[in-house]
Amino acid sequence: MQQAFVLSSRITAFSSPQSSVNRSFPSHTPTRLYQEGGGGRVSASVQDKKVLEKTNTSNKNGKAQQEPPEKLDTNPPKGTRDFYPEDMRLRTWLFDQWREVAKTYGFSEYDAPVLESESLYTRKAGEEVTQQLYNFVDKGDRAVALRPEMTPSLARMVMAKKGGLNLPLKWFSIPQCWRYERMTRGRRREHFQWNMDIWGVSGEEADAELLSAMVTFFRNVGLTSDDVGIKINSRLVIGEVLTELGIPPEKFAATCVLVDKLEKVPLDAIQGDLEELGLDRSVVEKLTQVLTVKSVDGIKEVLGEESQAVKQIKKLLHLCQAYGIDDWIIFDASVVRGLAYYTGVVFEAFDRKGVLRAIAGGGRYDKLLETFGGDPTPAAGFGFGDAVIVELLKDRELLPSFESTGIDTVVFAMGEGTHPAAINVAKCLREAGQSVDLVLENKKAKWAFKHADRLGAKFCAIIGSEEYANNEVAIKNLHLGEQTTVPIGNLSTWARESKLGEEC
């Protein structure tokens, strides 16, 4: 018998990287509707014997009665945000800062769908991101997920071109990402993330370029190396220690993911995961000893002068010195990052006061394309979330004010039949490059001036009966309190001169 499926719109978090897609639905939601004696979709109302009672809106006296509507929950879903105009001005400002840095460094912007195939993210290395997916089965029975990060989408796009892209490529994006995770200050279930990636460069030159771009942003918004530091390390450090301990290379990525968790949980909490990998406690204890080393010389003593990890870190530090950002950079062997695909240099920007969680992070992921069946391609990049940096800028009192709407002039028709003239005035000013708010209702002058003040407008243009008769407009400078009369034919000149006056 053919079955008709009704898919719940509720999105569930992925339970574990080993399990199949969580396709369970809320108990109150029908998952299957069957039509007795045949196939096809059946309306729930056909099956409901009491449907007539439920749709009868008359009371006992035969008079129509209205049920009070269910009150709307005005809160956005937990972990998400509304962006009112003032919030949007902040967000636009931040994105503009990111875009300006990306442009300065010669990066091109790209984007990808927020909805991707779930298989793009379900790696088998025990990553938190895999367990935090917002995933569901769509009406075409496809397992899909809201993107938790952008890098896999970038890899998919590069693969789609089948070698048709000219390398190296330097791309950036500002996607919205979704993760069902525990919320803290600066951590939500959705966030926007500035991504900068360089593909096709195998040396540490790419890593240093990315670090320099990150520092340029910090400097542009008023932060210093006293506010923010960037910890650097290399996954090769752990790799060389594991090799010395006789751990096979195929367990490298999963071990790094577990070691990254030690910053949040005690060793006992991951003991079971270690045993699944075949690693005894002594291996991790040896690793944790190495990860407490805070100097390159200390790592050199452990790994030796000819260590590739030591050479890589030394070269990166030398390049950072050439960029003039060495005061921001700190070597810290404990930084491994929690994503399995990192292969070399890794880094993490942090609040030096220790109040906030990681500000940004990234590293080298040379083998990511191979995991998707593509050709080996060196790549490095970082992700930089919007939530933490805004909290940091608030703490340091470095955020500009976003109360002003950016409107230059409010145009107000005060006299009888003057609205068409006000439209013409607004049109002239807009064509001259001004942002203009035209009052669309009949209001008193007192209201118009208060309205202009609320908007933070610079000028108020008034067309009264007298001005209309003389083909003029009265313009009040709301900052200086001065008022002047301008012929409508000279509005473009006035708009340009007022702009020049502000710039001076």
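Is glutamate 204 buried or exposed in this structure? Glutamate 204 is buried, since its relative accessible area is 11%. Buried here means under 20% relative accessible area, exposed means over 50%, and partly exposed is in between, with a 1.4 Å probe and protein chains only.

Before I go on, some ground rules. This is a predicted model, in which local features need pLDDT of at least 70 and side-chain atom pairs count only at pLDDT 80 or more, while totals for chains, interfaces and linings use all residues. Residues are numbered from 1 along each chain as its sequence is written, and side-chain values use heavy atoms, with hydrogens and water left out.

The term pLDDT is the predictor's confidence in each residue, from 0 to 100. The protein has a mean pLDDT of 84, and 84% of its residues reach 70 or more. Over residues 1–46, the pLDDT is below 50. That stretch still has 71 contacts in the model beyond near neighbours in sequence, a contact being heavy atoms within 4.5 Å.

Back to glutamate 204. Its partner is lysine 315: the two form a salt bridge, with the closest N and O atoms 3.7 Å apart. A salt bridge is a side-chain nitrogen of Lys or Arg within 4 Å of a carboxyl oxygen of Asp or Glu. Lysine 315 is in helix 12 (residues 308–323) and glutamate 204 is in helix 6, so this pair ties together parts that are 111 residues apart in sequence. Helices are DSSP runs of H or I with at least four residues, strands are runs of E with at least two, and both are numbered from the N terminus. Lysine 315 counts as partly exposed, because its relative accessibility is 35%.

By the salt-bridge rule, the count comes to 22. Another one joins aspartate 366 and arginine 364, at 2.9 Å from N to O. Arginine 364 is buried at 2% relative accessibility, whereas aspartate 366 is partly exposed at 22%. Then there is lysine 427 with glutamate 431, at 3.0 Å from N to O. Both of these lie in helix 15 (residues 419–431), four residues apart, about one turn of the helix. As background, an α-helix has 3.6 residues a turn, so residues three or four places apart point the same way. Lysine 427 is partly exposed at 46%, and glutamate 431 is exposed at 58%. Salt bridges also link Asp297, Lys300, Glu305 and Lys314 in a network.

Next, the inside. A nonpolar core is a set of buried Ala, Val, Leu, Ile, Met, Phe, Trp, Tyr and Cys residues joined through side-chain atoms within 4.5 Å. The largest one has 80 residues, and the members that touch the most others are Trp194, Phe217, Phe218, Phe384 and Ile389. Helix 6 (residues 204–220) gives the most to this core, with nine residues. Apart from it lies another core of 20 residues, including Ala413, Ala426, Ile463 and Ile475. In general, nonpolar side chains tend to be buried together in soluble globular proteins.

Take phenylalanine 217 as an example. Leaving aside neighbours within four places in sequence, phenylalanine 217 is in contact with Leu94, Gln97, Trp98, Val101, Trp194, Phe384 and Ile389. Phenylalanine 217 is also part of an aromatic cluster whose members include Phe83, Phe95, Trp98, Phe192 and Trp194.

On aromatic pairs: rings of Phe, Tyr and Trp (its six-membered ring) pair if their centres lie within 6.5 Å, and planes under 30 degrees apart count as stacked, over 60 as edge-to-face, and the rest as tilted. By this rule there are 19 pairs. One of them, tyrosine 134 with tryptophan 178, is edge-to-face, at 6.0 Å centre to centre and 85 degrees between the planes. Tyrosine 134 is in strand 6 (residues 134–137) and tryptophan 178 in strand 9 (residues 176–178), so the pair ties together parts 44 residues apart in sequence. Both residues are buried.

Last, helix 5 (residues 151–160). Which of its residues are buried? They are Thr151, Pro152, Ser153, Leu154, Ala155 and Val158. What covers them includes strand 5 (115–117), strand 8 (169–173), strand 10 (190–199) and helix 13 (368–371). After helix 5 comes lysine 162, with a positive phi near 50 degrees.
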